[in-house]
Amino acid sequence: MVAHLEASGTPHYIGFQHGSTFADEVRACRDFYCRFPATPPQMVDEAIDHLQAIHSRHFPAMVQEMRGIADGSGLPYRDVLALNFFAQIVGEAGSCSNIGVSDSPQGPIVAKTSDLREVERDFLFIKRARPDDGLAYIQYTFYGTVWNEGGFNASGLSIVNSGLMGQATLRREGVAGFALQHAALSRCTTVDETVKLYSEHDLAKWGGTILVADAAGGLVLIEKLPGSQALRQPLRESHAGLLIHTNHVVCFENGTLQGDADLESKYGYSGLLQNSLARYATLERIAPETGHSLSGLQEALRNHSPSGPICQHGQQGLHSAAGIVIVPRTRTMWGTAGYPCQTPFEPYTLAD
Ligand SMILES: [Zn+2]
């Protein structure tokens with residue numbers, strides 16, 4: 001069973017309800033992520049100040065929500081900032097596998113595994129938010145954060161993501177990838193609006209890939225790294241109607257920005273690139289027989305190919321903590337509360 005939160009009101013009050021409902025969980029999440037042993041405290045302080053300032057300028061509602069989480073949980077505001085921005089402070093390698101189809105009987109569908117380290121699995125929960133000044137949305141997220149694992153909003157706009165192994169290039173004017181997802185879920189209604197939002201911002205340090213689908217039938221893959229962005233729409237020729245992504249650069253425009261093995265081991269993800277390449281090969285291989293339907297994508301997330309399973313059970317320390325499949329037209333997110341192969345997909349809507 002995944003924990004749920006219902007929250008509505010101002011951004012600050014949405015954060016407050018999150019923090020006060022899950023104060024112990026927020027604290028546990030802070031204790032796990034906010035460890036910066038290799039970074040001098042002064043550098044951590046400077047990074048928090050800078051990230052708080054730049055995100056307040058571009059995404060004030062999101063930062064107010066973080067302050068609300070602090071006020072609700074009783075943690076210092078700076079701790080909640082450090083938790084949310086931990087990847088921009090220390091860097092991280094990403095995980096997860098993404099699949100999207102444009103041509104199911106219900107229109108586009110996007111799907112992903114949420115691949116996490118063993119401890120992190122306890123930090124996932126489902127949040128249904130009704131902001132006063134934006135679109136209602138529902139998502140898988142993490143305690144104490146405004147991150148998105150996968151979600152959709154009242155217009156049907158749906159986003160799933162996967163981490164992308166870049167080079168941890170610092171971009172002073174860049175923002176965190178989760179800030180773009182938070183903004184898109186709060187206010188974008190179409191794929192085009194989301195692409196425009198993404199094109200207006202650079203990333204701060206780390207890359208990410210998202211699949212975005214809308215109720216009008218749009219589907220796009222955005223592979224974004226500091227200083228670069230590439231878009232893909234489903235091809236008609238190969239893998240017709242299908243887009244896939246794991247955790248390495250696949251768009252030629254971003255080809256020189258791939259991180260290397262030294263970098264992945266520095267961030268504690270040794271072997272991630274090989275793992276990502278193996279999962280990608282599996283997706284390419286099963287693509288022709290993957291049903292372009294809700295059940296077809298759920299089945300793909302349960303794949304246990306010996307050479308590169310999509311459902312991960314500890315390979316390179318990754319565990320598929322949830323499978324998520326979202327249908328924009330029916331405004332339904334189907335999600336599991338554990339390995340996609342062992343727990344059923346339950347439907348989540350905004351109406352519950
Ligand atoms: Zn499995």
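This is a predicted model: local features need pLDDT of at least 70, side-chain atom pairs count only at pLDDT 80 or more; totals for chains, interfaces and linings use all residues.
Trainee: How many Å apart are the end C-alpha atoms of helix 3 (residues 41-58)?

Mentor: Happy to start there! Helix 3 has 18 residues, and at 1.5 Å a residue these should span 26 Å. The model agrees with that expectation, since the end C-alpha atoms of helix 3 are apart by 26 Å.

Trainee: Which residues of helix 3 are buried, and where do they sit around the axis?

Mentor: Buried here means that 20 or more other C-beta atoms lie within 10 Å of a residue's own. In helix 3 that picks out Ala 47, Leu 51 and His 55. They cover an arc of only 50° around the axis, so they sit on the same side of helix 3.

Trainee: What covers those buried residues, and which residues are exposed on the other side of helix 3?

Mentor: The cover includes helix 4 (60-73), helix 6 (86-90) and helix 7. On the other side, the exposed residues of helix 3 are Pro 41, Gln 42, Asp 45, Glu 46, Asp 49, Ala 53 and Arg 57.

Trainee: How many of the 11 residues of helix 7 are buried?

Mentor: Good one to ask next. The buried residues of helix 7 include Phe 178, Leu 180, His 182 and Leu 185. Helix 7 is largely enclosed by the rest of the structure, because the number of its 11 residues that are buried is 10.

Trainee: At what angle do helix 7 and helix 8 pack?

Mentor: Leu 180, Ala 183 and Ala 184 in helix 7 meet Thr 194, Leu 197 and Tyr 198 in helix 8. That contact has 5 nonpolar, 1 polar and no charged residues. The crossing is right-handed. The axes are 10 Å apart, and the packing angle is about 145°.

Terms used. Residues are numbered from 1 along each chain as its sequence is written. Axes are lines fitted to C-alpha atoms, for helices over the stretch in contact, and angles run from 0 to 180 degrees between N-to-C directions. Helices (H or I, at least four residues) and strands (E, at least two) are DSSP runs, numbered from the N terminus. A crossing is left-handed if the near helix is turned anticlockwise from the far one by less than a right angle, and right-handed if clockwise. Two residues are in contact if their C-beta atoms, placed from the backbone, lie within 7 Å. Ala, Val, Leu, Ile, Met, Phe, Trp, Tyr, Cys and Pro count as nonpolar, Asp, Glu, Lys and Arg as charged, and the others, Gly among them, as polar. The expected span of a helix is 1.5 Å times one less than its number of residues. A residue is buried if 20 or more other C-beta atoms lie within 10 Å of its own, exposed if 12 or fewer, and partly exposed in between; C-beta atoms are placed from the backbone. The arc is that of the directions from the helix axis to the C-beta atoms.
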